[in-house]
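Me: I am new to this structure. Could you walk me through how to read it?

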Amino acid sequence: MTSIKPFQIEDLFEFNAVNLDPLTENFNVSFYLQYLIDWPSLFFKSTEIYHDNQFFHQQNEISGYMMGKTEGKLTKKEWHTHITAVTVQDQYRRIGLASYLCLQLEQLTSIEPYNTLFVDLFVKVTNSLARQLYEKLGYSVYRRVVGYYGREMPQDRNKIDDEIDAFDMRKSLPRDINNETVRENGDKVYVLPMEVVF
Amino acid sequence: MSKTDNEIIELIERGNYALAQSQLSKQIKKFPQRSYYYALNNEILSKKGETDQAIQNNLKLIEKIPNDRQTLQTLWKFFDEHGMEKESNVIFENSIKKYPINSESIILDWFQMSINKFNLRLFNKIFINLHKSNKDNRIYSFWLAFSYYLLIENHEALKVSDKELSLFKPLSIKILDDNLKPFKNTQELFVYLKLLSLSDKNDEILTTLEEYKASSVFNFDLDLNLMYLETLNVTENWSKLSQFSEHLLFQDKFDDFDTWKLWIKSNFQLNTSSTDLISKINSYQIKRNSSIALIHISKTYGLDIFQPIASYYTKFNHKLCCFYDLKGYLSEIDTTEFISEVDNSTISILETSSNSINDLIKLINNQKFWFLLSKDSELTEFNSLNWKIYNLYKVNESIRGGEFDNNPLNELLLISIIVDLSNDSSIKNIVKNIYIINNLLQEDKYNHKLKLWLMKLYSNLNANDLSLEIYQSMNIKMIQHETLSHYIIPLNPSKQHLSDLVNIYRFYLTSDKEIESNIFEGFEKGVFNKLQSFINFGKRLSNSVSRNFIISNIIKHSIVLGDTSYMNYFTNLLKNTGEAIVQNDMIDNRDFNSEWKFGLLDADSKHLNQDLLNVPINSQQINPTIIKLNILKYLIMFETKDEIIQKYLKLYNKFISNYKPKLAFDVLLSKINHNILKLFKGHMNANELNSALNFIVKNFKLDKMKSSLVPASSILSWELSHNLTNLIELIQITSLFLKSSKGHKSWQEIKNCLDDVISELKKFKFKFKETQIQQLNELNSSLEISELDIDVRSSAVVINDSIVASADPLIKVIQNLK
């Protein structure tokens, strides 16, 4: 029984059940604060009624959250929504919660004050489950970012490596009437990390 | 700031005070009217130890009411560091009063410098001045109104009087009503609505929201939509609530369970038939929330609730959320029929020997329902079925999701492990379950619940190194140190652990600055729906149990090890902040519940021992009182001014009367500690002195302490290290006091006591290490783990090594005690 609530910085004290997931990054406090300042409505959480509250005095628990932002220039057709983090606690997986959080973000940023052209995210090339999830939601690979998760800045865009490369996946939003911000066979387009800075 | 000024500041920062003073005197000759140089000079005096003179000089300086920003900032910092909060604010207040024109930048400085005080009354005072300084500035008006909101919202904690409340409420609304309408964005509207809400003006909230909704000046964000729903509910505006919630649910696809509940409630109040609601939901895509909404309709309308529960169970029992979703409704039904359905489901799956992930999840949910609703006698059956399910699926690769996903299969085993520990939390059983969890982790490397429990169990043994290893393997960092470091701290004193603690502490240093600058930016950008939590967050982190426990542990490690690397920094830190730490409420942000997230820890839970919440027991003993006592102990030790020492001793006496240690050794040691502090630092008459001295001479003996020093239960537990660490710390502290307090005839008696304790302790240590190894070997040879094929020996070696390694640094310290 999921409800959607705005994320607050104090939720950092309560989100371990979500953030102890090894693929969920724990950022420094400033990073979360900056998102809450710059994109307050694009950072929200899913909550569930918590039944062990006699012990923990907790009415609700966080089952997942979405951390999004907007960036890019409209003139370059790069004004878009970016999914920085979307994550769900293990007990609430396989029920479409991550997809729902993504759809909420799309809805929010398809209208003013955001009204972006597309929504995008990065997914590790080896993470086929995540890629499938996003494809079901209408995302497609726009380009392959070579060495995105690597420790060193790559120089050769043809030196692909599944372990450290990311797919930049996009879904065009209603403002992109002609679907100009997405393309087919994007997985064959290789770019370097510095080429995806907005 | 001139080049020379920068040079002087650099010299002060480097501690080159003589040269800095010589430069300053030249500047003072050149610019005798410039207060800044006098303020810097006083800063140097203070750093050189001439604090009283510096304070007097600066108090005289503020009488001159300086108004240049550098002087004000320097004086503010000076008084703040000396705990003179009132004076630090007076500097700004006087300056603003005397020089109101162009005071805006000074007030902004005042605010920026005061942010990390999280003092809502002060914020309000500053914003009143700021608003006065520039009434045309739109954002300042919102800051002021918002500060009133914070005061009213926290009126009890801040002791805002009724008279003040009756003034603040209309005043805050008036600030926004005058000249600032129409509001330009959701944030401005948010502040206004929140203020209306605090004045119970719900009808005005509705009118305002509807007005803005109709005007479409800006789209509503989640906060405003939720506020609209809530206000319609509070005002019992059922028709509009029904329409708006229906719009959100069915048009906007806002699949939010709280909204479903309001939709049902409003329609119930409007006498809409349940059939209409059910058919409306059935015509909609049936999802998880809407399925529970069907249950909720039956509950609200007083209809048979079993059928929708059974339907939900059938549809969602292959999802882990099923148990959590239904749990809250089970008290509404006769569970006999439900448990029979659960039983049938389990039997049918086990009969077919299905190996699908969906059937596994069904079995997990079924077992949880069974556990929740079962009788005591069925526990053995529950556990054996858990193991049966485990063996059925353990080799099944298809149940695993991605590489990093937790294996759901281990959920049931973890419950069985906790049940087992609830029945028997002996060291032997702890070791047995450590072996089991370690075995499960081999195939389920990232399962954080298994790891949290493993850390708990390791910490309950004296196996610090292993719990630290798990902590690091979980990549715990940043804010997680605040919520989870209790799994590993206290660590046994060692150079490495001291460095680990300091590294954890660095998080606080960074986050303090981040919070301060982001709160300011949050105000600048007017993010009002987040700022209250920003301030609370900063406050919760600034004086937290974890933070202060880490600080006190760093000092404890340093004293025990005789390591001075970090002492200067942390004793200075305590000198500056110690009084605030002990005088204010300490906030506990530690996370004790993530490890229990399987939904079974209820008040009437018969099979789960709630005492396990407190494992490791030493974590339970970490509470504000003991932390404050430790901090006071260090403050008394390191303070040089007698009047301050006496103030801290008074506080120490106050706190120790509330301190109820659980361990016999802690009881004895705390009394000796108290007497040592009084003896060396207190003002006592001859009788009191004799009494304290007699107590120490009588009790500060290893023979007297030995019975409680070595834990009766097992030498393998954390208790022995805990006791030894505290004993060594007491020895070191007493030794330091003796060195710095020569001359008193009583000291020789204390010195003799100390020498005896040290000498006895040196003899004692070897037995302790050998006994540990021997006990663990005995324990392992008698251990049976029938459920799993586990190589006990290899795991045992690792634990053995860790227990011995955890104790080794302490043994070395004992050897070197003088």
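The dialogue below moves from the fold of one chain to its contacts and then to the other chain.

Me: What should I know before I start?

Reply: This is a predicted model: local features need pLDDT of at least 70, side-chain atom pairs count only at pLDDT 80 or more, and totals for chains, interfaces and linings use all residues. Residues are numbered from 1 along each chain as its sequence is written, while chains are lettered from A and ligands numbered from 1 in the order in which they are written.

Me: How many helices and strands does chain A have?

Reply: Helices (H or I, at least four residues) and strands (E, at least two) are DSSP runs, numbered from the N terminus. Chain A comes to five helices and eight strands. Along the sequence the pattern is β-α-α-β-α-β-β-α-β-α-β-β-β.

Me: In what order do the strands of chain A form a sheet?

Reply: Two strands pair if DSSP finds at least two bridges between them. In chain A, eight strands form an open sheet, ordered E1-E2-E3-E4-E5-E7-E6-E8, with mixed pairing. Its edge strands are E1 (3-6) and E8 (190-191) of chain A, and each pairs on one side only.

Me: Which strand does E3 of chain A run antiparallel to?

Reply: Take strand E3 (residues 60-71) of chain A. Eight bridges join E3 to strand E4 (residues 80-88) of chain A, and the two run antiparallel. Within E4(A), His80(A) is the residue opposite Glu71(A).

Me: What are the partners of strand E7 of chain A?

Reply: Strand E5 (residues 118-124) of chain A pairs with E7(A) in the antiparallel sense, over seven bridges. Here Asp120(A) stands opposite Arg170(A). Strand E6 (residues 140-145) of chain A also runs antiparallel to E7(A), joined by five bridges. There, Arg143(A) has Asp168(A) as its bridge partner.

Me: Is E7 of chain A mostly covered or mostly uncovered?

Reply: First, the cut-offs. A residue is buried if 20 or more other C-beta atoms lie within 10 Å of its own, exposed if 12 or fewer, and partly exposed in between; C-beta atoms are placed from the backbone. Strand E7 (residues 166-172) of chain A is mostly covered, with seven of its seven residues buried.

Me: Which way do its side chains point?

Reply: In a regular strand, side chains alternate between the two faces of the sheet. From E7(A), Ala166(A), Asp168(A), Arg170(A) and Ser172(A) point one way. Phe167(A), Met169(A) and Lys171(A) point the other way.

Me: What is the radius of gyration of chain A?

Reply: The radius of gyration is taken over C-alpha atoms, and the globule rule is 2.2 Å times the number of residues to the power 0.38. With 198 residues, a compact globule would come near 16 Å; chain A has 17 Å, which agrees. The C-alpha trace of chain A spans about 55 × 35 × 30 Å along its principal axes. Buried residues make up 49% of the chain's 198 residues.

Me: How is chain A divided into domains?

Reply: Domain bounds come from an automatic or database domain assignment. Chain A has domain 1 (1-116) and domain 2 (119-198). Their C-alpha centres lie 21 Å apart. Two residues are in contact if their C-beta atoms, placed from the backbone, lie within 7 Å. The contact takes 17 residues from domain 1 and eleven residues from domain 2 of chain A. On the domain 1 side, E4 and helix H4 (97-109) of chain A each give two or more residues. H4(A) gives the largest share, six residues.

Me: How many residues of chain A are in contact with chain B?

Reply: 46 residues of chain A are in contact with 58 residues of chain B. The largest share of the chain A side, six residues, comes from H2(A). Ala, Val, Leu, Ile, Met, Phe, Trp, Tyr, Cys and Pro count as nonpolar, Asp, Glu, Lys and Arg as charged, and the others, Gly among them, as polar. The chain A side has 26 nonpolar, 14 polar and six charged residues.

Me: What is the span of helix H12 of chain B?

Reply: The expected span of a helix is 1.5 Å times one less than its number of residues. Helix H12 (residues 202-215) of chain B has 14 residues and reaches 20 Å from its first C-alpha to its last, close to the 20 Å expected. Ser216(B) follows H12(B), with a positive phi near 55 degrees.
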